[in-house]
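Hi,

Here is the structure I promised to pass on.

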Amino acid sequence: MAKILTRIDLLRGTLDLLILRTLLPGPSHGHAIAKHIQRTSEDLLKVETGSLYPALYRLEAKGWIAASWELSDKGKRARYYRITAKGRKQLDAEQSKWDAFARAMGLLLKPGREEGR
Amino acid sequence: MISFVRRVQWWLQRRRKEDELREELEFHRSEEAHQRRADGMSEDEARWTAHRDLGNTNILHEDVRTLWSWAPLDQTAQDIRYALRTLRKSPGFTATAVLTLALGIGVNVLIFSVAYPILTTRLPGVDSERLVRIYESRTSNVFYADYEAFRDRTRVLEGVAASQFEGMSLRLDDSPHHAIGMVVSGNYFQLLGIEAQLGRALLASDDTRGAPGAAVLSDRTWRNRFGSDPGVVGRPIILNGQPFTIVGVAPAEFVGTTVPVSPELWVAWHAPGFAPSNDDVLRRRGRSAQVIGRLKPEHTVRDAQADLGGIAAVLAESYPENVGRSVSVYDGFLVFPELRAQALGFLAILLMLTSLVLVVACVNLAGLQLARGAARQREIGVRLALGAGRGRLIRQLVAESLLLSVLSAAAGIACAVAGAQLLASWSAVLPGGQTLTVATTIGWDALVFSAALVILTTTLVGLLPASRASRPDIVTAIHSTPATGPRLRSRTFVVAAQLSLTTVLLVLASVLARSLLEARDIDPGFSADGVLSVSIDVSSRSYSREQGGQYFQELRDRVERLPSVRSVSLAELVPLTLSGRSRLVLRDDQAIPTAAADRESVMVYTNNVSPRFFATLGITLLAGRDFDSHDRADRPDVAIVNETMARRYWPDNNPLGRHFRMWDGTDAVGPPIEVIGLARDSKYVSLGEDQRPFFYRPLAQAFAPDVTMLMTTIGEPLGLLPALRSELRTFDPDLALVSAAPLIGQTRISLLPVQVAASVAMALGLVVLGLAAIGTYGVTAYDVRRRTKELAIRVALGAEARDVVVGLVRDRMWWTIAALVGGLGVGAVASSILSTLLYGVSSVDPMAFAGVALLLCGTAFVAAWWPARRAAYVDPMVALRCE
């Protein structure tokens with residue numbers, strides 16, 4: 001069952017990280033970003049529009065992504081987002097923070113040799 | 001962190017961003033619907049689930065909106081829009097408020113724009129903060145030898161320069177012009193740091209005896225007299241008969257250091273024809289100059305004062321004539337210190353008056369705002385009840401006042417600019433040939449000043465009524481009607497005070513105006529009609545008495561031969577141009593008075609004139625004869641006295657043949673002077689003067705080099721000029737005319753102070769009258785509003801509409817009369833202070849007072865009747881029902 005993450009559950013920072021990572025290969029519009037996250041996480045994470053778009057605009061305000069209106073593959077006008085140089089730097093920083101966090105969590109949650117059990 | 005720039009950008013684009021977000025969400029929805037269709041859902045279900053998938057778009061919009069909205073800006077924009085709407089809804093109030101404030105602000109900005117440059121403009125040149133002026137014995141004239149001493153011995157100033165005005169005769173292509181030039185020390189331009197725009201400025205090398213004559217032109221002279229000729233450098237000219245070369249043109253903005261008179265050209269102090277003699281006595285006591293200096297970097301004006309004071313003390317020890325000469329050092333402002341003080345004093349009084357006007361305007365407006373606030377109690381009560389914060393409410397009310405103030409400031413600046421144009425178009429020609437104008441530019445400092453005024457007026461006008469209005473007891477407020485508003489007695493008081501102020505100003509204006517009218521009827525005792533007045537100056541030739549007398553005689557003979565000249569004469573002083581000279585005169589057998597008080601009684605005014613003076617001006621000689629060619633320097637001294645002098649000195653006898661002597665005030669008395677003629681009394685210095693004793697001396701015996709030629713002409717006086725000029729050119733190619741004008745224009749100069757005072761008082765008076773009228777209107781209108789119900793009941797019960805109106809107006813008029821009486825009293829006192837300017841008009845002139853009373857009552861009546869009228873024609877049923 002897909003875990004639907006509302007804004008309450010998903011920390012803001014992690015959504016930002018996901019968006020930046022999604023945009024790393026190339027630009028996309030909002031809908032495509034949401035679908036990509038859902039697919040790549042094998043349906044475990046589904047981002048609500050109510051949290052996605054505020055996050056996108058926030059990232060744009062901070063200058064980590066840039067937006068422009070382009071024509072979609074179906075010929076309709078859509079707002080495409082792409083990562084900026086600043087965003088790339090931010091992505092690196094956040095990614096290493098997340099890695100460190102995940103490693104720390106992993107170390108703590110896995111039963112240690114000293115603890116026994 | 002969102003950068004500030006982006007924040008502002010997005011705020012400016014907020015409307016577009018809302019639309020974009022909507023479009024984006026729409027796109028998202030349609031993509032989602034597409035996908036579900038592709039997954040197999042029906043069209044309807046796909047659309048519906050996609051729509052549901054979007055979630056609550058309103059909350060989404062709100063979340064995103066925080067990124068581009070900016071609460072303070074948004075609220076302020078909202079406040080201003082609301083204020084605009086409110087002001088537009090009551091155009092009458094807005095118009096009167098803006099007009100009121102605009103007048104107050106405009107008048108202040110104008111006076112400020114005139115005063116500010118006088119206060120702050122320093123001497124021209126580089127690094128002008130270090131420039132100073134040096135005065136001796138409290139005048140700008142420093143004796144040349146003392147200037148040299150200061151220059152050579154100072155340790156605090158890095159340079160000292162001298163300058164002095166000289167009327168010069170400039171001969172250009174064989175036609176002579178009178179030029180106002182300046183002789184300066186060689187370092188003058190370097191000290192100031194002024195560089196020529198063409199050629200070069202004067203150098204120290206020009207200021208040595210024997211150096212070739214070099215002249216620097218002013219920009220205006222270069223344009224007017226030399227047609228902006230780019231090749232003017234190197235051109236030869238003749239100055240006072242000596243050959244000079246033009247070596248440069250001064251920059252356009254350089255107006256010299258002796259404002260308001262600016263020289264047409266500069267030559268060196270020791271230039272040929274100008275060099276002061278080597279006679280030491282003359283230099284200690286004769287020639288003087290205006291002196292400026294530049295402080296060394298580490299020194300101040302105080303240091304310079306101490307330093308030069310020390311030098312002056314040493315000089316006083318070595319030279320007796322230096323005893324008692326003080327030296328003062330002043331900050332180097334462009335305007336001379338004493339002129340500056342006078343101008344500032346006058347402007348300070350004006351500024352006080354205009355500030356008063358502004359305060360009156362603000363008080364008026366505050367009263368209006370209070371009244372409006374009272375009328376809006378209901379609306380404000382409801383808003384407060386609905387949850388509006390008090391601070392927000394005050395902000396909104398203040399926004400209204402701020403908007404009003406900004407509009408008024410803009411209108412006020414427009415008024416000030418218009419006023420400046422008016423002022424600039426006024427000019428008066430001074431006896432020396434210069435034109436006096438008040439040229440003001442409304443510059444940036446004026447804008448800053450008016451911004452300050454705007455803030456001030458907002459605070460005065462807006463805050464108090466706003467805070468009062470937003471503090472009501474909500475329940476009472478909601479139930480309030482116009483009838484329950486306060487009576488605002490204080491406002492009535494204020495309006496009455498304004499009416500009084502108006503009365504005072506108008507009384508002054510009308511008394512002065514009447515005085516001007518009377519002045520036209522005063523018999524000056526001579527006739528200026530058809531007389532041409534031409535000033536000439538031969539000081540540069542240093543004629544002796546004999547030479548001078550001879551020269552003038554020939555001049556008169558030549559001019560008299562011209563066909564359109566009826567008679568010609570010369571005079572040192574022109575009557576009624578506010579110039580006069582007095583001497584101490586003792587009868588032949590009179591002892592030297594011992595008491596100082598007796599000096600006054602032997603002071604007699606005098607003028608030096610040529611033969612035919614009396615005939616030219618139409619002054620009757622009652623007895624004896626006019627001066628003639630026999631009254632020369634080598635003959636016994638003679639004089640002609642007027643009736644008053646004859647009565648004072650020889651009360652019972654015929655003055656002819658009697659003698660008097662001139663006394664120098666100590667113990668020396670001059671040679672006896674015989675009275676050979678008796679002239680009718682006339683006015684000498686100003687039209688308003690009392691009869692004074694007067695005597696005339698012949699120019700041949702009391703030579704003065706700068707005189708005025710007075711000629712009666714056949715036909716229009718100015719029409720004589722071309723013929724006169726060509727005749728004079730053949731007579732003396734170097735004689736230049738200082739000025740030429742009909743005499744009638746010059747004698748009006750003595751009326752100038754009265755004209756100015758009358759105009760100012762009238763202008764201010766009318767402004768305050770307008771304000772008072774607005775105030776009266778406002779008070780009456782508010783009263784009517786408050787009492788609509790009561791008045792409607794009266795009418796319903798059978799009162800005549802007319803009675804109601806009369807009642808309202810009568811209330812107002814009682815106040816007006818009280819104010820009028822008070823104002824007339826103060827006005828009488830004020831005008832008695834000005835009595836020196838009044839010609840034959842008493843300071844309680846009944847016609848003036850009556851006129852003012854009429855104007856005031858009339859205006860107040862109309863201002864009260866207009867709104868009162870409306871009250872009477874209200875349908876009682878409508879009035880009783882509407883709350």
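Below is what I found, going from the whole chains down to single residues.

First, a caution: this is a predicted model, so please read everything here with that in mind.

**The two chains in outline**

Let me start with chain A. Its 117 residues are 42% buried, and it holds 4 helices and 5 strands. If you walk along it from the N terminus, the elements come in the order β-α-β-α-β-α-β-β-α. Taking the contacts in chain A between residues at least 6 apart in sequence, 52% link residues at least 24 apart.

Chain B has 883 residues, and 48% of them count as buried. You will find 28 helices and 24 strands in it. Of the contacts in chain B with a separation of 6 or more, 80% are between residues 24 or more positions apart. Its accessible surface is about 41,200 Å², and carbon and sulfur atoms account for 58% of that.

A quick reminder before the details: a pair of packed helices is described by the angle between the axes and the distance between them.

The pair to look at to begin with is helix α2 (residues 14-39) of chain B with helix α3 (residues 43-54) of chain B: their axes come within 8 Å and cross at roughly 135°. That angle is why α2(B) is described as oblique to α3(B). The crossing of α2(B) past α3(B) is right-handed. On the α2(B) side, the contact uses B:L25, B:H28, B:R29, B:E32, B:A33, B:R36 and B:R37. On the α3(B) side, the residues are B:E43, B:A46, B:R47, B:T49, B:A50, B:H51, B:D53 and B:L54. Sorted by class, the residues of this contact between α2(B) and α3(B) are 5 nonpolar, 3 polar and 7 charged.

The other pair is helix α7 (residues 144-153) of chain B and helix α11 (residues 301-318) of chain B, which pack at about 125° with their axes 10 Å apart. Because of that angle, α7(B) is oblique to α11(B). The crossing of α7(B) and α11(B) is right-handed. From α7(B), the residues B:D146, B:A149, B:F150 and B:R153 meet B:L308, B:I311, B:A312, B:V314 and B:L315 of α11(B). The contact of α7(B) with α11(B) has 7 nonpolar and 2 charged residues, and no polar ones.

**Where chain A comes in**

Is B:E32 buried or exposed? With a relative accessible area of 4%, B:E32 falls under the 20% cut-off, so it is buried. This residue sits in helix α2 of chain B. Just after α2(A), A:E42 takes a positive phi of about 55°.

Most residues other than glycine have a negative phi, which makes the next two worth a look.

B:D127 is not a glycine, yet has a positive phi of about 55°. You can find B:D127 in the loop between α6 (91-120) and β1 (131-136) of chain B. Its relative accessibility is 36%, so B:D127 counts as partly exposed.

B:R612 also is not a glycine, and its phi is positive at about 75°. The loop that holds B:R612 is between β17 (603-609) and α20 (613-617) of chain B. B:R612 is partly exposed, at a relative accessible area of 30%.

Lastly, B:R223 belongs to helix α9 (residues 219-224) of chain B. At 43% relative accessibility, B:R223 counts as partly exposed. Between B:R223 and B:A252 there are 10.0 Å in space, C-alpha to C-alpha, and the two are 29 residues apart in sequence.

That's everything from me for now.

Cheers

Notes:
Residues are numbered from 1 along each chain as its sequence is written. Chains are lettered from A and ligands numbered from 1 in the order in which they are written. This is a predicted model: local features need pLDDT of at least 70, side-chain atom pairs count only at pLDDT 80 or more; totals for chains, interfaces and linings use all residues. Side-chain values use heavy atoms; hydrogens and water are left out. Helices (H or I, at least four residues) and strands (E, at least two) are DSSP runs, numbered from the N terminus. Buried means under 20% relative accessible area, exposed over 50%, partly exposed in between (1.4 Å probe, protein chains only). Contact means heavy atoms within 4.5 Å. Accessible areas come from the Shrake-Rupley method with a 1.4 Å probe; for residues, only the protein chains shown count as cover. Axes are lines fitted to C-alpha atoms, for helices over the stretch in contact, and angles run from 0 to 180 degrees between N-to-C directions. Angles under 35 degrees count as roughly parallel, over 145 as roughly antiparallel, 65 to 115 as roughly perpendicular and the rest as oblique. A crossing is left-handed if the near helix is turned anticlockwise from the far one by less than a right angle, and right-handed if clockwise. Ala, Val, Leu, Ile, Met, Phe, Trp, Tyr, Cys and Pro count as nonpolar, Asp, Glu, Lys and Arg as charged, and the others, Gly among them, as polar.
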